[in-house]
Amino acid sequence: MSFGSILLMMFSAILVENFIFAKFYGCCPFLGVSEHPDTALGMGMAVTFVMTVSGGVTWAVYEFLLVPAKLEYLKTVAFILVIAALVQFIEMFLRRFIPTLYQALGIYLPLITTNCAVLSAALLTVQNGYSFIEAICFGLASALGFTLAITVFAGVRSRMAHANPPEAFKGFPLTLIAAGLLAMAFSCFSGIQF
Amino acid sequence: MKGFLKQLKEGILDNNPVLVQLLGMCPTLATTTLVENAFGMGLAATAVLICSNLFISLLRKFIPSQVRIAAYIVIISGFVTAVELLMRAYFYSLYQALGLFIPLIVVNCIILARAEAYASKNKPLPSVIDGVAMGLGFTFALVLIASVREILGSGTWLGFQVLPDAYPKMTFFVLPAGAFITLGFIIAAVQKIRNGAAERARLRELASLRAEFLAQKNEKAEEKEEMTV
Amino acid sequence: MEKAKNNPWQIAVIGLKLLLICAIVAGVVALVYTVTADAYAKNMEAEKRTAIEGIFHAGVNPVDVQGEVGSEFPVYRVEENGAVLGYCVEITTAGYGGDIQMMVGYNRDGSILGIQIVSHSETPGLGDKITGDAFRSQYVGQSGQLALGDHIDAISGATYSSRYVTEGVNKASAVVAKCIAKEATE
């Protein structure tokens with residue numbers, strides 16, 4: 001894959017095939033941790049960090065461990081273990097060596113293991129047969145798409161906090177409807193021709 | 001038996017994992033374009049939930065608490081892979097329709113939540129029943145959402161034509177935006193019903209308190225009357 | 001809790017327990033895999049056959065020639081009673097919602113006989129129209145590299161899906177051109 005096509009793939013992963021609005025990967029943190037723009041950005045950054053690293057690591061595990069041993073069907077088990085271990089490791093590493101970053105991202109890290117965006121990026125990488133560089137770029141781009149979605153959405157929600165909707169719509173339903181409207185806005189990207 | 005029915009009602013209605021607990025949003029939004037897919041997803045997740053609840057409950061004294069989440073995830077992902085392999089062999093078209101969302105059952109928060117909140121603290125049999133109840137609740141919610149989306153978006157239900165051809169199909173409902181909005185309205189309806197029930201319960205309580213208070217007052221008045229007499 | 005963490009013996013026990021769980025889970029999955037492998041292979045085979053017979057007709061005999069022509073996709077020479085009817089290429093391209101897997105059938109002269117969408121996960125109501133006759137029949141009789149707009153009309157609202165299918169067909173056509181060239185030299 002040339003540099004141009006990698007850029008194209010990343011662009012498409014961020015906007016056109018946005019993990020949240022087109023594929024629904026990672027909806028739980030998207031709906032749960034988007035109340036304030038600051039925390040949303042923190043979550044987005046933590047996810048970006050983990051997904052980029054896990055993109056490379058799961059690729060290596062698949063190519064160098066599972067494929068030679070003909071155990072491709074164990075990929076779900078292997079990937080989720082790798083991701084859980086990686087999150088733990090990143091948490092310890094940040095706490096010891098980059099405490100400021102740990103303070104910013106620390107509380108979000110344990111939540112990431114069960115963020116399906118991370119696992120689906122790893123599985124999609126295998127499904128699409130990406131190379132190592134592509135795997136990392138795909139992880140990064142998908143995570144940036146997630147970060148974009150969650151930060152924009154947090155902005156919308158912080159405005160919505162002052163609204164006075166009917167009793168039944170308070171809280172979660174209104175959040176979902178706002179997400180629907182945002183998804184509609186994002187769907188315009190699918191009309192882009194390259 | 002009575003306990004079983006109560007647990008079932010709890011899982012499907014009062015404490016529905018999707019509509020009330022608001023868990024497992026990814027598969028709920030993604031696999032509800034068609035009722036058939038929603039059904040398949042619900043039953044696949046139910047199978048995993050029952051097995052994982054059973055085994056986590058059986059192993060609850062064996063699993064060290066420090067690494068319990070890792071152990072749960074391994075057990076759950078094992079069952080998910082087994083279900084995926086079985087579907088691939090015996091329900092091939094469903095396997096293709098659900099795609100990546102079968103392996104993603106691993107990170108479905110409902111399953112981990114039940115493992116942590118219920119199966120790790122209870123005996124095997126109630127854990128299995130809890131798995132059945134929560135799984136059916138999940139399936140019920142998915143089928144409900146998918147029914148709305150399939151009927152309005154494609155004019156069919158489970159593949160059968162239900163709306164006349166002349167009726168315009170609202171493709172909006174099968175698109176991602178439609179998923180969010182449909183779910184939003186359904187949860188609003190559930191909240192409305194629950195608010196109504198809560199309000200009625202509160203009024204009943206108030207009424208009984210008032211009756212009690214009046215009764216006491218009457219008693220006191222009578223006592224006073226007796227005293228004066 | 002703190003004490004337990006510092007005791008290497010306890011850490012070893014925890015590690016061993018976790019390892020044991022992993023090993024058992026892997027064993028169970030491997031067992032299920034072995035049991036279901038045959039049924040899965042049969043599904044794949046049946047699916048392929050149905051697609052090829054849908055393009056040609058029932059009773060044809062597909063011969064795998066992927067190695068012979070050195071193609072990166074599975075290619076079949078479709079024969080009946082020893083006579084070559086045409087070629088079939090099995091191709092998988094990235095679609096809008098996921099992979100699109102399809103079978104493209106060719107006459108002996110390299111013109112398209114028909115295409116079958118084997119599996120896809122395109123948007124219901126929009127992208128899934130690629131499986132419809134109206135869209136697929138546009139390809140029949142065409143040959144060479146096709147362009148969306150010039151040779152093929154895109155499905156309105158599903159330009160992406162239409163483009164992915166056309167790209168796949170073009171890749172298949174390139175492979176078949178190789179097959180025909182090879183046949184001519186023989």
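In which helix of chain A does Thr48(A) lie? Thr48(A) belongs to helix α3, residues 37-66, where helices (H or I, at least four residues) and strands (E, at least two) are DSSP runs numbered from the N terminus. This is a predicted model, in which local features need pLDDT of at least 70 and side-chain atom pairs count only at pLDDT 80 or more, while totals for chains, interfaces and linings use all residues. Residues are numbered from 1 along each chain as its sequence is written, chains are lettered from A and ligands numbered from 1 in the order in which they are written, and side-chain values use heavy atoms, with hydrogens and water left out.

**Chain A: fold and surface**

- Chain A has 9 helices and 0 strands, so that the order of elements from the N terminus reads α-α-α-α-α-α-α-α-α.
- Taken along the principal axes, the C-alpha atoms of chain A fill a box of roughly 60 × 45 × 30 Å.
- Of the 194 residues in chain A, 54% are buried, a class defined by under 20% relative accessible area, with exposed meaning over 50% and partly exposed lying in between (1.4 Å probe, protein chains only).
- Among the contacts (heavy atoms within 4.5 Å) in chain A between residues at least 6 apart in sequence, 77% join residues at least 24 apart.
- Chain A exposes about 8500 Å², with carbon and sulfur atoms supplying 69% of it; accessible areas come from the Shrake-Rupley method with a 1.4 Å probe, and for residues only the protein chains shown count as cover.
- There are 8 positive and 8 negative side chains in chain A, and the centres of the two sets lie 4 Å apart; Lys and Arg count as positive and Asp and Glu as negative, without His and the chain ends, and each charge is placed at NZ of Lys, CZ of Arg, CG of Asp or CD of Glu.

**Chain A: two residues**

- Thr48(A) is buried, with a relative accessible area of 14%, and, leaving aside neighbours within four places in sequence, Thr48(A) is in contact with Leu140(A), Ala143(A), Leu144(A) and Thr147(A).
- Phe24(A) sits in the loop between α1 (3-16) and α2 (27-32) of chain A and counts as buried because its relative accessibility is 5%.
- Phi of Phe24(A) is near 65°, a positive value in a residue other than glycine. Most residues other than glycine have a negative phi.

**The interface of chains A and B**

- In this interface, 35 residues of chain B are in contact with 37 residues of chain A.
- The two chains bury about 3000 Å² between them, 85% of it on carbon and sulfur atoms, where buried area is the accessible area (1.4 Å probe) that two parts lose on being put together, summed over both.
- Leu100(B), Val107(B) and Phe180(B) supply 22% of the area that chain B buries against chain A, more than any other three residues.

**Chain B: the loop between α1 and α2**

- Gln21(B) lies in the loop between α1 (2-14) and α2 (25-30) of chain B, and its 24% relative accessibility is why Gln21(B) counts as partly exposed.
- Not counting residues up to four places away in sequence, Gln21(B) touches Asn15(B), Asn16(B), Arg114(B) and Met134(B).
- Leu22(B) is in the loop between α1 and α2 of chain B, has a phi near 60°, a positive value in a residue other than glycine, and counts as partly exposed at 26% relative accessibility.

**Chain C: fold and surface**

- Chain C has 5 helices and 5 strands, which follow the pattern α-α-β-α-β-β-β-β-α-α along the sequence.
- The radius of gyration of chain C is 24 Å, well over the 16 Å that the globule rule gives for 186 residues, so chain C is more spread out than a compact globule.
- The C-alpha trace of chain C spans about 75 × 45 × 30 Å along its principal axes, and 42% of the 186 residues count as buried.
- Of the contacts in chain C with a separation of 6 or more, 46% are between residues 24 or more positions apart.
- Chain C exposes about 9300 Å², of which carbon and sulfur atoms supply 56%.
- Chain C carries 14 positive and 21 negative side chains, and the centres of the two sets lie 10 Å apart.

Note on methods: Rg over C-alpha atoms; globule rule 2.2 N^0.38 Å.
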